[in-house]
Amino acid sequence: MLSIRSLAFAVGDRTILHDIDLEIDRGEIVALIGPSGSGKSTLLRLIAGLERPTAGDILLDGQSLAGVPPHARNIGLMFQDYALFPHLTVAQNILFGLKMRGTPQADKQERLEELLALVNLRGFERRRVTHLSGGEQQRVALARSLAPQPRLLMLDEPLGALDAALRQRLLSELKTILRSLGLTTLYVTHDQSEAFDIADRIAVINAGKIEQSGTPEAIYKQPRTVFIARFLGFTNILPVERIEGGHAVTALGSYPVEGQPTALLLAPGSITLVNAADATATMRVTDRIFEGETYRLRLNDANGLAFELSMPADDTGKQIEVGETIGLQIDAAKLVELEG
Amino acid sequence: MRVGRHGLWFVPLVFLLIFFAYPLVSILSLGFAPEGQLDLSGLLEIASSSYYLQTLGFTLGQAVLSTVLTLALAVPGAFVFTHYRFPGRGVFSALAALPFVLPTVVVAAAFLALIGPRGLINQALMSAFNLEQAPIQLERTLTIILLAHVFYNYGVAFRLISAFWANRSLRIEEAARMLGARGWRLWWTIRLPILRPALIAAATLVFIYTFTSFGVIVILGGPRFATLEVEIYRQVANLFDLPVAAALSVVQIAFMFVAIAVYNRLEKRAGLALAQGAPPGRPPRTPGEWLMIIANQSIVALFLIAPLLSLVARSLTTPQGDFTLSYYTGLGNNLRGSVLSVPPLQAVGTSLAIAVAATALSLILGLMAARALTQRSGAPAWLETFFMLPLATSAVVLGFGFNIALDSPPLNLRTSVVLLPIAHTLVALPFVLRSIVPALRSLPRHVEEAAQVLGANALMTFWHVQLPLISRALAVAAVFAFTMSMGEFGASLFVARPNNPTLPIAIFRLLGQPGEANYGRALALSSILLLVCAIGFALIERTQPDSDRMP
């Protein structure tokens, strides 16, 4: 459906994106995640035709989009700031794309009813968009992108401008709408939990390159790089000093590995608390944070390693005090090998 | 599509090259090389002639005096305006800005109607004391010239200074007060130093306007006084000495480019704006404060209103003081032996037609230029400076340039009807751009792209999204272009066809003729022009409640 091949983009001699390859199947929802400044929005702008790639090609339904101006691509793009037309009403905003195509009045009216029902904005037709709340504006923007029945819908941080409570509700609404339409969607966000919630597949972008793509489960279980592990919120990352005969040597002992990892991820469950005598490592507790069901312990050691550990918030957890030194055992079978 | 975009700025560029750069280059080549090769004798003659040095001295001297007087009056006004809240504050601010849109001939006629020999005050004194001669003889004096200049420029200085002042925290003053600064020390150590950038910028702006003063000088000053601008005109119109006029123009152009460059630099550095939000201020507390406010406001208001009221009043009264409409009804007839070969009313029609054409032309060119300037991949950066250049060229120099460049092949437009609309378009274009370009730049991010993604091509995007969103700025630009064209005097004097004068030229000719009938008709025509401009001004103030973009 959408196929991006060796795409690159540079402004002057500053490279924004390099060597991007990405495939999206029909009806699939792909989330593009990455920190701000990683090139996510730029990729959307390239697909929409608002920027021109310096190399590579973008194909939609097997046809190259090179040289096709934005207005002829029929790709929906919902901007982070919504970019609603402030001089038009809700209905005029939603129908803008159909008006540009010269759609007959009766068809437009029918489509308007449909969309208003879909985004739950019946009765808002004549309102000025400047008088709407953030959540309402977001829904107008969505309806406006959907109206011309785009071949591909792209959403740039669609919930970025909203507060946390509203975000959760609108996310599930959005998910329902996208699923019910079966629309091919590219969803950009910097929030991994949002991506996990909505996407069939996730592509992680960092410094202009896609570092990994796969299902949310696959990426969570096997993050490929240190960056991805950190971006997904993992904290317990153990740097590898060197590789010796199939073993990675670290400050906390050596472990058998298959590849050439630069670090090892100690996923939750790979660390257990033990007596100092049986311990692979000892660390000092620097902070204890109460989180309801659990305590989060912050640990560090003489080598400058910093780990975090969750303990059930019962008596065992409470007995561990800040300043205490505790023993840890690492389960070699549960380690994940990470690249640079 | 992309080619089309580039084509957009090509049109105004070519327009300016033909009708602005070409005439300007013609002047320069006539000034530096009258016979075809480099010959600086014309310029040296000016530099060594005491007459021309005196002209230059007077031009500078009157500009400095006008500037000092204007600032001396504007600073207290701005102080009261920014520090206190009182009824009528907004009306005063609007009133102060009104003169800026008034044509020079109207201002000159208004001052004549107030304190000229046939003016209201002299008439009243003559009839009260049975005098044969007008007791106040201010016509053809430096005093009346300075009065008119202050009248003209007060609003510009007032608005610039008070906008700057309102943006600077008044808390600084409170802090200084707490530390013991009072009275004059507060002015010298805090207020004036804080205002310095605005004062210098206002002074530069007033200097620029008065340095190129033309209509006020020729009408109120008479033959005794000549600024460079007036001298250029006389050299061409009376003495037919084009090389000297060109040499004088070179001097004038040099001065203007330096002054405009200085102003632009100041404007950028100080972040000056003429935007006029209502500054905070506090209600006056002591009787002293009330007295100061009332005195300041009423003196300035009187100074600004009196000439305009006299103009209208005198156009409706006979020398004996009786009400009459005869000056207006007489506008339809051609007075025998009159300097005008047509009925004065025809001048109104001519001016309206020219103003409509000039407005349309400057809006079309302005939109093309503004769109190119605001597009990312649109136009080169130097283009914006180039489009603003007509601002740095005085009207008379422009008219003179038309006179020598466009009256012979390859481009002979000497008698063409298009010449005046084109000249007025050049005068209005920088102002149109100053209104439209910021509006386009401040459009919400991404709306243009949103329209494209939704299937609108460049033209549809412009028509359905950008144009409606800048409609206010466009209306302001249109009114500006219209009123400027209606009142344009300096350039028109060169370009207008003698048998088809514009409104300001008709007023000028009538004022130069003896006889009550001519005088009365001049005032009647001036009142009509005043009305047109005042309506335009009211429209601008309405459209832009919080700001305006005067110069």
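A nonpolar core is a set of buried Ala, Val, Leu, Ile, Met, Phe, Trp, Tyr and Cys residues joined through C-beta atoms within 7 Å, where buried means that 20 or more other C-beta atoms lie within 10 Å of a residue's own, exposed means 12 or fewer, and partly exposed is in between, with C-beta atoms placed from the backbone. The model is predicted, so that local features need pLDDT of at least 70 and side-chain atom pairs count only at pLDDT 80 or more, while totals for chains, interfaces and linings use all residues. Residues are numbered from 1 along each chain as its sequence is written, and chains are lettered from A and ligands numbered from 1 in the order in which they are written.

**Exercise 1.** Describe the largest nonpolar core and its contributors.

*Solution.* The largest nonpolar core has 264 residues, and B:F111 and B:I161 are among those with the most contacts inside it. Helix α7 (residues 142–167) of chain B gives the most to this core, namely 17 residues; helices here are DSSP runs of H or I with at least four residues, and strands are runs of E with at least two, numbered from the N terminus. At least three residues of this core come from each of domain 1 (2–222) and domain 2 (234–338) of chain A, with bounds from an automatic or database domain assignment. The centres of these two domains, taken over C-alpha atoms, are separated by 40 Å.

**Exercise 2.** Characterise the side of chain B that touches chain A.

*Solution.* Counting two residues as in contact if their C-beta atoms, placed from the backbone, lie within 7 Å, 18 residues of chain B are in contact with 18 residues of chain A. On the chain B side, α19 (447–453) and α20 (458–469) are the elements that give two or more residues, and α19(B) supplies the largest share, 6 residues. By class, this side has 12 nonpolar, 4 polar and 2 charged residues, where Ala, Val, Leu, Ile, Met, Phe, Trp, Tyr, Cys and Pro count as nonpolar, Asp, Glu, Lys and Arg as charged, and the others, Gly among them, as polar.
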